[in-house]
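This report describes one protein model for a reader who has not seen it before. Please look at the sequence and structure first.

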Amino acid sequence: MEVRLPKGKTIYIGKNMNHILDDVQNETDTWDGDMVGRRWLMGAEELKCMDCEGLEENHHKYSKHISIHSDK
């Protein structure tokens, strides 16, 4: 599945999305599992977390895939 989000729009990634995220581009290289339950703002090319203060970076992947891209 691919989601296209216009620049400047916000998306909330709910916990039910945890099992389908795979290498979602974001400016802090946040691990996909840590992206759930948070709001993200679409930039020119990648997402910026709106509520991730203190979040540690991890680098794990899941087997299913969802892509979120700018809809320039």
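## Tryptophan 40 and its strand pair

Tryptophan 40 stands opposite cysteine 49 in strand S4. Strand S3 (residues 38-42) and S4 run antiparallel and are joined by three bridges. Strands here are DSSP runs of E with at least two residues, helices are runs of H or I with at least four residues, and both are numbered from the N terminus. Two strands pair if DSSP finds at least two bridges between them.

## Basis of the model

The model is predicted: local features need pLDDT of at least 70, side-chain atom pairs count only at pLDDT 80 or more, and totals for chains, interfaces and linings use all residues. Residues are numbered from 1 along each chain as its sequence is written, and side-chain values use heavy atoms, with hydrogens and water left out.

## The sheet

Three strands form an open sheet in the order S2-S3-S4, with antiparallel pairing. Strand S2 (10-13) and strand S4 (47-49) are the edge strands, and each pairs on one side only.

## Isoleucine 13

Isoleucine 13 lies in strand S2. It is buried (under 20% relative accessible area, 1.4 Å probe, protein chains only), with a value of 2%.

From C-alpha to C-alpha, isoleucine 13 and tryptophan 40 are 7.7 Å apart in space and 27 residues apart in sequence. Not counting residues up to four places away in sequence, isoleucine 13 touches Leu21, Met35, Val36, Gly37, Arg38, Trp40 and Ile68; contact means heavy atoms within 4.5 Å.

## Threonine 30

Threonine 30 is found in the loop between S2 and helix H1 (32-35). Threonine 30 is buried, and its relative accessible area is 7%.

Definitions and conventions: Buried means under 20% relative accessible area, exposed over 50%, partly exposed in between (1.4 Å probe, protein chains only).
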